[in-house]
Amino acid sequence: MDARLNYFAYPTAAKALKHLMSAGRTLKESPLPAVTQELVALRVSQINGCAVCIDMHTKEAAAAGETMARLHLVTAWREATVFTEAERAALELAEQGTRVADAAGGVSDEVWARAAQHYDEEQLTALVLLVSFTNTANRLNIIAQQPAGDYEVGQFH
């Protein structure tokens, strides 16, 4: 399977993606815990059905020491006992932030309050940016039908 587009083959897209990837690297360096970042990016990508991002975030999380049990349970995090309350709050915020059309009102006050109990304002800001960033990356990959399976840890960082 070949992608419909090679975003890096055209100057405008290549320049825009260079900045987008730089933003992604900046988010990686934020005070939001790395494990939380990978779990959130994985969950957003699962919701959107972005195979290439699911491949990437699963491999990055495993390389960072995440267990296979937790990775397999991200899709059903509500019923799983392996996530901390902070991780659960981040996953819930990520879901509502991704499903804005379904949620009508976006992220509810209750979900925001739960996240704010576990993360300071800088971490919350990074979390919101990460959800938005991942949704953007998902859409770019889905529209262009980027093939999945060949990602190598650290490839984009």
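Leu 93 is found in helix α5, which spans residues 85-98. Helices here are DSSP runs of H or I with at least four residues, and strands are E runs of at least two, numbered from the N terminus. The model is predicted, so local features need pLDDT of at least 70 and side-chain atom pairs count only at pLDDT 80 or more, while totals for chains, interfaces and linings use all residues. Residues are numbered from 1 along each chain as its sequence is written, and side-chain values use heavy atoms, with hydrogens and water left out.

- Not counting residues up to four places away in sequence, Leu 93 touches Val 107, Val 111, Trp 112, Ala 115, Leu 127 and Val 131 (contact means heavy atoms within 4.5 Å).
- Leu 93 is 17 residues from Glu 110 in sequence, and their C-alpha atoms are 9.8 Å apart in space.
- Glu 87 also lies in helix α5, and it counts as buried because its relative accessibility is 9%.
- With neighbours within four places in sequence left aside, the contacts of Glu 87 are Val 35, Thr 36, Leu 39, Arg 70, Val 82 and Tyr 119.

- Thr 81 sits in the loop between α4 (68-73) and α5.
- Thr 81 counts as exposed because its relative accessibility is 77%.
- Thr 81 and Gln 96 are 15 residues apart along the chain, with 21 Å between their C-alpha atoms.

**Packing of α7 on α8**

- Helix α7 (residues 109-118) and helix α8 (residues 121-144) pack at an angle of about 130°, with their axes 9 Å apart (axes are lines fitted to C-alpha atoms, for helices over the stretch in contact, and angles run from 0 to 180 degrees between N-to-C directions).
- α7 and α8 are therefore oblique to each other (under 35 degrees is roughly parallel, over 145 roughly antiparallel, 65 to 115 roughly perpendicular and the rest oblique).
- On the α7 side the contact is made by Trp 112, Ala 115, Ala 116 and His 118, and on the α8 side by Gln 123, Leu 124 and Val 128.
- The residues of this contact divide into five nonpolar, two polar and no charged (Ala, Val, Leu, Ile, Met, Phe, Trp, Tyr, Cys and Pro count as nonpolar, Asp, Glu, Lys and Arg as charged, and the others, Gly among them, as polar).

**Database annotation**

- An unreviewed UniProt entry places the feature "domain: Carboxymuconolactone decarboxylase-like" at residues 13-95.
- The span of residues 13-95 is 73% helix and 0% strand, and its end C-alpha atoms lie 28 Å apart.

Notes. Buried < 20%, exposed > 50% of the residue type's maximum accessible area, 1.4 Å probe, protein only. UniProt positions renumbered as here; feature names shortened; annotations may be inferred.
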